[in-house]
Amino acid sequence: MVEHQKAEAVLKQAFPELGDAEIALLAATATFADFSAGAYICHEGDEGTTLYVLVEGEADILVHADEEEILVDTIAPPAYFGEMAFLGETTRTATIRTRTDCHVLVLDHEDFLPVAHENPDLLRRLLRQIIGHLRRNDEAVIRELNVKNEALRRAYADLAEQEEMRTKFIATLSHELRTPLTSVKGFLSLIQQGAITGDSLKAVLDSVARNVEYMVGLTNDLLILYEMHPSAPDFVYLNLTDVVIEALNAAKGAMNGLETAVTLDIAPDLPLICADKRGLVLALRALIENAFKFNPDKKPIHIKVWNLNETEVAIAVSDEGIGIPENARQKIFEPFYRVEKEGGQHLFPGLGVGLTIARFMVERHNGRIQVDSHPYSGSTFTIILPQNK
Ligand code: ADP
């Protein structure tokens, strides 16, 4: 194809709204140029009088902000750039750097002016098309900015929520520690004064021991949460009944002598499963403690273990306690999240980390935790584990 015809074909693609005669006039003023990969065709801020149409290759549009280079777009034929030069604006608004070897068509304002002078219609139609193109570009940029703005807004809201949670957590932690510490301090001072002797001494020491154990439990939970890999998991073949019994023993402190309020339903044909006993006990213990805690009328809790299907076993802990509002059911697994009563009050003690740890431990077994709950009538948390026979 001779150069002139080639220029016409390129311009037709770039400016489809122009007629054949107008394209021919434009093509008469065009030349071609080649740039190798990585070359700069024009620089932001430079004076320029040429419009370029990409014929072959790919190029990047770059802008600079705070000494940082930002890639705005990557263009391919028949994209054109430098059109502001044709609108009389001569400063480049972006830098164009070739990504691959590029072949471009070049229209210079100076060569084009005499032709435009003779053909005011051509100038009008060309400008109309360039302006439409600029407007569509602006609209696309605005749409993209809106999307980014929304993402930023969400990230900011998340950060604000995390900050609020952190502040609440510090308040909760001080409260949770202050109560048992005050009690221990009071009892120790009475013992030091010799005010408690005989049988009462044993009861008071038991209470001190319980409080200390509670504080040790809190700090252990925090350590587990912050490390999230409390010790390398030790995967061995386990009997799930043993895991349930061990978790029940570990949760005794939360039961306040109501151990009899637990009913067990363990399927007789459970397979041994390959699991980390310590992790599973921690997870199940958190569910059992919650079932007792969020259960002010101390109604019985029920633990069921069964073969869910050919490949999975399930352990469910059900209570008839206060239940969990629907909008909180996913959040309760987040660190430090606790459902609040109206007015931001918490009616039950806790740091809001038990379920975070439970989920971490269960997911470490490639398992999952499901929650089913009805406000005011109770909750069922189900751990589902692969059998790994
Ligand atoms: P914590 O028990 O220390 O508050 P968790 O992470 O174990 O922390 O639980 C997070 C929150 O989920 C609790 O504060 C409570 O609001 C809710 N929750 C958990 N288990 C139950 C349950 N069985 N019944 C009602 N609410 C529960």
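**Note on the predicted model: backbone, ring pair and helix contact**

1. Asn-366 is placed in the loop between H9 and strand S14 (368–374); helices (H or I, at least four residues) and strands (E, at least two) are DSSP runs, numbered from the N terminus. Asn-366 is not a glycine, yet its phi is positive, about 60°. With 68% relative accessibility, Asn-366 counts as exposed (buried means under 20% relative accessible area, exposed over 50%, partly exposed in between, with a 1.4 Å probe and protein chains only).

2. On the basis of the note: this is a predicted model, in which local features need pLDDT of at least 70 and side-chain atom pairs count only at pLDDT 80 or more, while totals for chains, interfaces and linings use all residues. Residues are numbered from 1 along each chain as its sequence is written, and side-chain values use heavy atoms, with hydrogens and water left out.

3. Phe-336 also has a positive phi in a residue other than glycine, near 70°. Phe-336 lies in the loop between S13 and H9 and counts as buried at 16% relative accessibility. Most residues other than glycine have a negative phi, and most peptide bonds are trans.

4. The peptide bond joining Pro-77 and Pro-78 is cis, with omega about 5°. Pro-78 is in the loop between strand S5 (68–75) and strand S6 (80–81).

5. The structure holds five aromatic pairs (rings of Phe, Tyr and Trp, the last by its six-membered ring, with centres within 6.5 Å; planes under 30 degrees apart count as stacked, over 60 as edge-to-face and the rest as tilted). The rings of Phe-333 and Phe-381 have centres 6.4 Å apart and planes at 70°, so this pair is edge-to-face. Phe-333 lies in the loop between strand S13 (312–318) and helix H9 (354–363) and Phe-381 in strand S15 (residues 378–386), so the pair ties together parts 48 residues apart in sequence. Phe-333 is buried, at 3% relative accessible area, and Phe-381 is buried at 6%.

6. Helix H6 (residues 240–250) and helix H8 (residues 277–293) have axes that come within 8 Å and cross at roughly 55°. That makes H6 oblique to H8 (angles under 35 degrees count as roughly parallel, over 145 as roughly antiparallel, 65 to 115 as roughly perpendicular and the rest as oblique). Residues making the contact (heavy atoms within 4.5 Å) include Leu-240 and Val-244 of H6 and Leu-284 and Ile-288 of H8.

Methods:
Axes fitted to C-alpha atoms, helices over the stretch in contact; angles between N-to-C directions.
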